[in-house]
Amino acid sequence: MADYGNKIKVDDEEWVSKRERNFSKPVSIYEFHMGTWKRKSDNTYYSYSELADIMVPYLKEMGYTHVEALPVTAYPNDKSWGYQTLGYYAIDRRWGTLGDFAKFVEKMHKAGIGVIMDFVPVHFAVDPFGLEKFDGSCVYEYANEHEFSQWGTKNFDLAKDPVRSFLISSLFYFVDIFHVDGFRFDAVSNVIYWDGNADKGINAGAVEFVKRANGYMHAMNPSIMMMAEDSSAFGHVTKGMYDDGLGFDYKWDLGWMNDTLKYYAKDPVYKKYCHNQLTFSMAYFYSENFILPLSHDEVVHMKGSIVNKMWGDYDNKFANVRNLYAYQFAHPGKKLNFMGNELATFDEWKEFEPIAFNVLGYPKHAGVQRLLRDLNRIYTSHPAMYQDEYDPKSFGWIMADNADQSVYIFRRESEEECMIFIFNMTPNFYWDYDVGVPYEGTYEEILNTDKEVYGGWNQYNGLPLTTHGSGIHNQKYRITVKIPSFGAVYLCHRKEIPEEKRPYVTLEDPKKPLDEKAVHQ
């Protein structure tokens, strides 16, 4: 129980006592902006506490494990989305008080949902009532050519001990008082390198700050997750200090995000010439503990929404976006999606209006939302999709080099099961495609993105598939699979273990509607 001036209380002892930083657990993060997820009928903001009341049922129905809020520390300009912070110990009053935010965290925790905060350690806003020239001198910022950032703000001089103490204490404040579960450090490449430019060299003082922040946090609060949004190729971001690392738990895989979105935007005729854009990520995956992000940065600044990035006409865009989300969840690494991705909206996110839940009145959009819900439920209920995912033994390519057909097949395994993932990146339809598999027996189709309930054409396998004949693709056995155009197929082989030890859950009847109260309230 946190008690701050006898006013702020977070009643979540059970959650905090059981919280752990476990890399073999599923993590599916719903990134959101407080002011534009939903608004009241008169277009005014919900408070933190009010927002939790309507957001918790939605997150539970959709199956997310965590929420990540764009910065909620006090900031002056709506257009900055919180990334030009001023009050590192103040909750933004647009959405209520410190007590309201405490209730938001409490309600999330009581529903079994972790809360992650975005943290901006690189720069701060230049408003005169803030940190700039705090006592008439450069207390927080540099006093040389590095003073200004690329965003027109002031860079923190992270080599100064008072600055380090100020920022690290801010992290501890939100953990100790509000019981938040983790932080995502924004723009880490701008911490590592002078002005974010590798050609200017490493900023040793700033790197030392990051190591201290992560080291102190893990020493005092071992269950807290520390994440880096880092676009650089700097090594050992998620390694410990004894391994000369920065000490983060996870790093956003922005290389995966860029390569993947470029690939899905291509005309299928040309995909065979860039086949390795999807295979390359596994060549470096085990170098860090990666999160696969489809974040707010990909749906702003005239970049278009996720579905609008896809190749093709209306139907093909939706088929491709369903394939993309299935690929994201099948690929090793934790998951992150920005609000609205699950709605497949054609408009990119705007900081001054709520996301368009009204599009769920159209079947294709509602189908994508249902797919994201089912992907979360499959992900959290099948150990092969999250256990030991940072260990190479849990993953293997079955077909990595079929560029001519643009078909990808890989397996992921746990002690209990082997899952086969098949992705067809062209409009070609395959009625009887032979696929090599490592185990004899039956393989159950647990997901097919072409099902009508997701907005597809119902070209799915249905009945369990049984191994037959000789092996193929360097595997001992084979099965014959129907693969729809632009389709993604998940197959599961349950290994011979006692029934009582199987941790599986079965998805609800696909014809059963979503919980309308949670989704549409």
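His365 sits in helix H12 (residues 363-381); helices are DSSP runs of H or I, at least four residues, numbered from the N terminus. The residue counts as buried because its relative accessibility is 4%, and buried means under 20% relative accessible area with a 1.4 Å probe, protein chains only. This is a predicted model: local features need pLDDT of at least 70, side-chain atom pairs count only at pLDDT 80 or more, and totals for chains, interfaces and linings use all residues. Residues are numbered from 1 along each chain as its sequence is written, and side-chain values use heavy atoms, without hydrogens or water.

**Contacts of His365**
- Contact means heavy atoms within 4.5 Å.
- Leaving aside neighbours within four places in sequence, His365 touches Tyr314, Phe318, Glu342, Leu343, Ala344, Thr345, Phe346, Val359 and Leu360.

**Nonpolar cores**
- A nonpolar core joins buried Ala, Val, Leu, Ile, Met, Phe, Trp, Tyr and Cys residues through side-chain atoms within 4.5 Å.
- The largest has 143 residues; Tyr30, Phe101, Phe104, Phe183, Phe423 and Tyr490 touch the most other members.
- Helix H4 (residues 161-178) gives this core its largest share, 11 residues.
- Another core of 18 residues lies apart from it, with Ile420, Ile422, Tyr443 and Val489 among its members.

**Contacts of Phe183**
- Beyond four places in sequence, the partners of Phe183 include Ile116, Leu171, Phe174, Met217 and Met227.

Conventions: Buried < 20%, exposed > 50% of the residue type's maximum accessible area, 1.4 Å probe, protein only. Helix = DSSP H or I, 4+ residues; strand = E, 2+ residues; numbered from the N terminus.
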